Amino acid sequence: MRFIGSKKNIVGKIEEVLNKHTDGSENTFLDLFAGSNAVGNYFAKKYKIISNDIMYFSYVMARGSLAQKGDLQFHKLKQLDISDPFKYFNSISIDNCESDFVTLEYSPAGPDRRMYFTEDNAKKIDFCRNTIENWKKENLVNDSEYFYLLASLLNAVPYISNTTGTYGAFLKKWDKRAFKPLTLEAPPLYNYFNNEAYNEDSLNLISKLDKNDICYIDTPYNTRQYPSNYHVLEMIAKWNKPELKGVTGQPNLDDEKSDFAVKRKAFKSMEKLLSQIRAKHVIVSYSSDGIIQEEDFINLIKKYAKPNTFEEYKFNYRKYKSKIYNDKKVSEILFYFQPKQEPKINKREESIHLNANLNVNSPQGYIKSPLNYVGGKYKLLPQIIPLFPQEITTFIDLFSGGANIGINVNADKIVFNDINTKINEFFRYLQENDIDDILTQINRYISQYKLSKTNEEGFKKFRVAYNENPNPIMLYTLVSYSFNYQFRFNNDMKFNNPFGRNRSHFSKRMENNLIKFTKKLHQINAEFVDYYFNKLNFDNLDNRSFVYADPPYLITTGSYNDGNRGFVNWTKKQEKQLYDLLDNLSENNIRFALSNVLEHKGIKNESLIRWSEKYNVHHLNYSYSNSSHNTTHLGSDEVLITNY
């Protein structure tokens, strides 16, 4: 989504500022002016996001992706032989699409001959939008499915728009982008902590919310009004088909202008907003071209900030990618402060909140491993688990790692297999011991070595003590204060991960994950074994058994497949052994699923592509940006390959 003032390129800097002040007890992140939801999507891996924007199309995108909570199985559509609504929309012939609002108002086919879209794409937008609306009216999709589909359409529209990025005007000549066919894709899901989405005036919403840990403010700080720049997306989202006027085809927007983007009103609006915020931490994005003078803004913030908590961070970046703005340089400013008014949380509310976290600390109710294990599939659980068979006698997690998959599978028996014996020793310990005793041990180590986010010397002493006399709970506690919470060993199996200064610590969230995981482990029939993957005994499996393989990826650079740090090197030899094993399972009518990537950073796994041709390939919607796979979305094609 191309969006004015999007903070996609500076979310890392926002995180750096926050990391200097957060202590791990923070749970909620309020994004008051969410826009494209780039900031909320980024921080969704750490916090419950409360997304808000006065623009309805922004709310739809948040509701359909960031705050998606419901059943997305499209059961009623499947009864109409529409197994995949995205494929259905993408395969519709233009001959079956009739002209409606978008075609008549935003394409050359209309009386005003506006050039926002080609006639063909405009007709397809009309078809998709009418179909989604009709499915909702006919009760063929639920609310969650409705917003999911609508978010997909809104995400697709900018990629075929004949504009510079906003919709204040269209180009007088066709951009090559406009001739691409409209293509809908399933939106990514970011709802790991029961996120919420609102479509309210920020001043009204902030008066209702008094329990925010982190509040992020990114107001429209110049005179460019968002309603006029995104009216096309707003009309598609609302689908109320109002009368449009002028060359650019805008509705009457007199009542929708933001006071934050009106010079004579901006200061008073900002003061009213800041005076009502109750949060532990506040970050405000601003710019050197803002309509409130920087000095005035600083004085205003200090008026409502606790003494000695105000900080300013300024850096240059290219603000506009549009060619009409050339390479205009501006200074982006981040203001951090702690407001005088703190969140109102009494002990009873805090207890309820922490208990609630036990139920929402993973995607759509899934349990999260207590380990930050390289290559873990936690974020992909909502896409992978629904593709698994319904009835399973024995489930084998062939490369179980952090056990994110196996702990969430329903089966009569679950076998977790991994050659990293240190990991399995930890899980076996959880399996055999009471969670209260485990927590007591962890807290004893923390107290004994004075472990914290800043005490590196205490961490180093503890690391030496573990390597001299290792035990599973010492290892887990050590990892809790290590860089990126990672398990890393040298070739002598000595733990050598460095200190995670100002970031890593045994937080309340980690404690909740550990409790929930351990309780589930005590309820299931599970076994942890340490075999090389093709040395495992498969003789007792039957046609209702299921084997899941998530091996090291041949074409990525994860630390688990380089032959170092206590791991076995993963080469074409091991890759071929795995293919042979899975082929043999299939020949014996045993179901399997394989996670892998077909392509990464322009490199294709040709052997995997050829081998997968005889099986079913499910393409997953996931970016490894900021993940331990150390990849980017560009050129990465994550798949699940099944023989059923």
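Me: What's the bridge partner of Asn616 in S16?

Reply: Asn616 is bridged to Thr642 there. Quick caveats: this is a predicted model, where local features need pLDDT of at least 70, side-chain atom pairs count only at pLDDT 80 or more, and totals for chains, interfaces and linings use all residues. Residues are numbered from 1 along each chain as its sequence is written, and side-chain values use heavy atoms, with hydrogens and water left out.

Me: How many bridges join S15 to S16?

Reply: Four, and the two strands run antiparallel. Strands here are DSSP E runs of at least two residues, helices H or I runs of at least four, numbered from the N terminus.

Me: And what's the strand order in the open sheet?

Reply: S10-S9-S8-S11-S12-S16-S15, seven strands with mixed pairing. S10 (526–529) and S15 (616–619) are the edge strands, each pairing on one side only; pairing takes at least two DSSP bridges between two strands.

Me: Switching topic: is H3 mostly covered or uncovered?

Reply: Mostly covered: ten of the eleven residues in H3 (56–66) are buried, meaning under 20% relative accessible area with a 1.4 Å probe, protein chains only. Phe57, Tyr59 and Arg63 are among them.

Me: What covers those buried residues?

Reply: The cover includes helices H2 (38–43), H8 (143–156) and H11 (231–238), plus strands S2 (48–52) and S3 (196–198).

Me: Which residues have the most contacts inside the largest nonpolar core?

Reply: Phe388 and Leu514, in a core of 78 residues. A core joins buried Ala, Val, Leu, Ile, Met, Phe, Trp, Tyr and Cys through side-chain atoms within 4.5 Å. Another core, of 53 residues, lies apart from it and includes Leu140 and Tyr167.

How values were computed:
Buried means under 20% relative accessible area, exposed over 50%, partly exposed in between (1.4 Å probe, protein chains only). Contact means heavy atoms within 4.5 Å.
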